[in-house]
Structures are given as C-alpha cells and as structure tokens.
Amino acid sequence: MKYMLINGKKEEIPPFPHHKAYIYRSKQFFFAKGLTTHLTMGNFITLKELYKGFNNKCSIPRVLLIDPTSNCNLKCKGCWSHDYESGHNISYEKLNDILDQAEQLGIKDCLMTGGEPLLRKDDILKICRKHNKMTFGIFTNGTLIDENFADEMAKLGNLNVFLSIEGTREETDFRRGEGVYNKVIKAMDVLSDKGIAFAFSACYHYGNYKTIASDEFLDHMREKGAWFGWLFQYIPVGSNADTSLVCTAEQRAYVQEKIRDYSTKNDYVIIDFWNNGHLSFGCIGAGVGFAHINAKGDVEPCAFCHYSDSNIYDVSLVEALRSKFFTEFRNSQPFSENPLRACPIIDNPQSLINVVKSSNAKSTHLANPETVEELAMKNFARADEWEPVAELLFKKMPEHVQRNFPRFLRYFSFKKGITDGRREDI
C-alpha cells in the first residue's frame, strides 16, 4: 500500500485508477528526483509509453486533455472563453470513441477543461463509469458541485476535481462574479466531508499574485481539504486579452520562490505551471506529457496553445499525434536549456512563430482567431525581461534539479529519436 503525507496526515493511496492515485502519480511525474525514478514510476508507465511510442512512431502523452464543451456558466475577466464560440460540444459518443483510442495507446489519465466541463456532468459520469480503468480530472469553477454529484463521485472513485479560486473572496469575485467564492468554498466542504480528495486551481496575475503565494492562502486551502494545488500564470491568449493582468518578471519570480519554499517546508505538492511545470525536460506539450482537444475537435499541443493542423473528426488520435505540427513542435523542444524558461508562448515566442509557420498550423481560437505573430507581440518584452531573472533563479534551484536537467534533456532527445522515427544515442 502506498501513502502520502497530506496536510500533516499520513493518507492511504488506493490502487490506480482511484482518483487519489492520480495525485500520487502527479507528484512522481512533476517532482522526479532523477531518471531512475522517472522511468520506474507508476508500475513502469514511462517505459510502457516508450514502447507504445516506438510502435506508433509518435510520442504518447501521459495525460489527454479534452474540452467537452465551449460553454460556461460564468464570464470571468481575462478568460479566453469569452472569445470562444458558444455551443460547441463533443458528443458522448465521440468522447467515448476518443477515449477508446486513448486506452489503446496506453493513455491512463484524462483531464477535462473548457468552458465549464460540469455543464456536461451527466455525460462525464457515464464516461467515468464506462472507462473505469482510467482516472479523470475536471478543471471546474466549482459552482455546479452539489451533494448528489459528490455522492456519484464517491461511488465512481476515478473522478477528481480541481476547483478554481483566485485568492480571497474579493479577488475571486472580482474575476469570477459576485458570490462565486462562497460557492467554491461550499464545494470544498462538500467534497471534504465525503472524503474526496481534490485540488485547488488558481490563476495568479498582477492583482493577486501575493495572495496566491502567501502562507495564509495556501494554509487555508489545505485546511479546506485540498490535497494539492495547480497554479497557472495569467497569459494573454486571445485577441481581446487584458495585458494589464500579466505579471512582471519580478512578480513571477516572487511567486516561484515563495511556492518553492512553501512546498518544500510543508511537503505539499503545488504544480506551478511556467515556474516549475516540469523541471525535468521543460515544455511537455504536443504529446510529450500533454495533448489537448478543444470542443470543436482541434488537437492542440496544450490547453493554452491555440494552434493546430488536425481535427479529431478528420483523423485518428494517433494520426494527430504524428501530425506535422506536433512533430515540428516536439523537434523544437526543449525551447530552452533552462526549465524555468520552458514555454514557447511566453518564454520563447519566436520559437512558437517558427513552429506554427513551418507546419502551416492555424489558429483555433474559434470566434476570434489570433495569428501567432499577434500572440507573440504581446509576450516578447516579458520574455526578454524574464530571461536573466530565470537564469538567477535556476542557480538557486535544488542541486539535484541542476544536476539532473542535462541528463533529462539527453533522455528526452533519445525518446524523440525512438518515437518520432529518428535515432539518437543517450
């Protein structure tokens, strides 16, 4: 039996595919101490991915992200969902087909984003029952979680939720609408009372970054029962994105150091995308760790990179993973030899321009398409500002991270060689 220390208490981890096992595996994946622990985690799932990747001539993602719907019951400030056309839904039958394909490729984890996925809660429950050898996670605003839904979650065992919250009541309601904070806290109480593990999910920006990185906020999330946390830095995706919310390099560094110290001190898993998303080999988009399918069926490198050259209604999942765009994207990884500058969107925007243009990928931003040059122009200055700061921060990282990163890069090169049809020695 496996155990994790959660909020100061030793918790038993049921066998996979229980939703608590997903949390355990996430910690193993994002905080691997070295190649040995990476390759042997989760009943050798990494080695199985290598084998499947070799057979299918593409990188097999650890997690498949899917948007069941583009609709949402909220209108949060700065969210790209405003730019999306409403009314796009992947039918239950198509979701089932996609997950059948995913299971054949050995993919065991599916996360659902949106839109608000719980607008499709009945179909999601059916999917979880049907694919009971997979774990599922939902990024949700939490307003649609009630006692009945929590009871169904408890019966299923393989469904997790990640509840969006922006900090204090005032900060959450500022972006999400009046009364939303109270609804999210109530959802946490409902889940905690039923023994269901969940995560908090916070987007930090110019206005709330100090709160999100504070001991007070993080202690409160643990007290409410959150087993771990996802942090997402606000990035200006979409033609109407509010660039005033983007953090400065100094603010981003503040969050990185505070979260690193808090996680270490409390043995608490906080996955801070863009600041420590994956300290092993950087960006994990385009099938390396993640692949994303939006509500219209476009297959994208990740949920934030709205460009694609394939649609799941026209090609199979494995064909999408082999697409020219995904292959070019993987060939360009790592986008930096500093894992704190891993992202091609905000850290290396010229790289994203090059990949999109060379593969003729198109914008998938639905109602308001955004050229890659338009997106990059919003990020060049911040990327330049961040580069020297990230170099200093990397020198402060734990010794094992600095020591192992070059080794992971060599392994990553080897992995691309055997999965994408090239040959390179480790």
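**Close-up views: pockets, sheet and buried side chains**

**View A. The lining of the second largest pocket has nine nonpolar, four polar and five charged residues.** Here Ala, Val, Leu, Ile, Met, Phe, Trp, Tyr, Cys and Pro are nonpolar, Asp, Glu, Lys and Arg are charged, and the others, Gly among them, go in as polar. Everything shown is a predicted model, where local features need pLDDT of at least 70 and side-chain atom pairs count only at pLDDT 80 or more, while totals for chains, interfaces and linings use all residues. Numbering starts from 1 along each chain as its sequence is written, and side-chain values use heavy atoms, leaving out hydrogens and water. The second largest pocket holds about 410 Å³ of space. It has 18 lining residues, and F16, R25, G42, N43 and K48 are the closest to its centre. Helices (H or I, at least four residues) and strands (E, at least two) are DSSP runs, numbered from the N terminus. A pocket is an open set of points on a 1 Å grid over the protein atoms alone, where a 1.4 Å probe fits and protein lies on both sides within 12 Å along at least five of seven lines; lining residues have an atom within 4 Å of a point. Points are joined across faces, edges and corners, and the volume is the space filled by probe spheres set on them.

**View B. The largest pocket takes in about 520 Å³ of space.** Of its 26 lining residues, F31, K33, T264, P398 and H400 sit closest to the centre. At least two residues each come from α1 (19-30), α10, β9 and α16 (399-419). By class, this lining splits into 13 nonpolar, eight polar and five charged residues.

**View C. Nine strands form an open sheet with mixed pairing.** Read across, the order is β9-β8-β7-β6-β5-β4-β3-β10-β11. At the edges, β9 and β11 (299-300) each pair on one side only; strands pair if DSSP finds at least two bridges between them. Further in, β4 (residues 109-112) and β5 (residues 135-140) run parallel, joined by four bridges, with C110 partnered by F136 of β5.

**View D. Strand β9 (residues 270-273) is covered on both faces.** Strand β8 (residues 226-233) pairs with β9 in the parallel sense over four bridges, and F232 has F273 of β9 as its bridge partner. With helix α10 (residues 249-266), β8 and β9 make a right-handed β-α-β unit: with the strands pointing away from the viewer, the path from the first strand over the helix to the second runs clockwise.

**View E. N56 lies in helix α2 (residues 35-56).** N56 counts as buried because its relative accessibility is 18%. Leaving aside neighbours within four places in sequence, N56 is in contact (heavy atoms within 4.5 Å) with L105, V318 and R322.

**View F. F149 has its place in helix α5 (residues 147-156).** With 3% relative accessibility, F149 counts as buried too. Not counting residues up to four places away in sequence, F149 touches L118, K121, L125 and L159. L191 is 42 residues from F149 in sequence, and the two are 9.6 Å apart in space, C-alpha to C-alpha.

How values were computed. Buried < 20%, exposed > 50% of the residue type's maximum accessible area, 1.4 Å probe, protein only.
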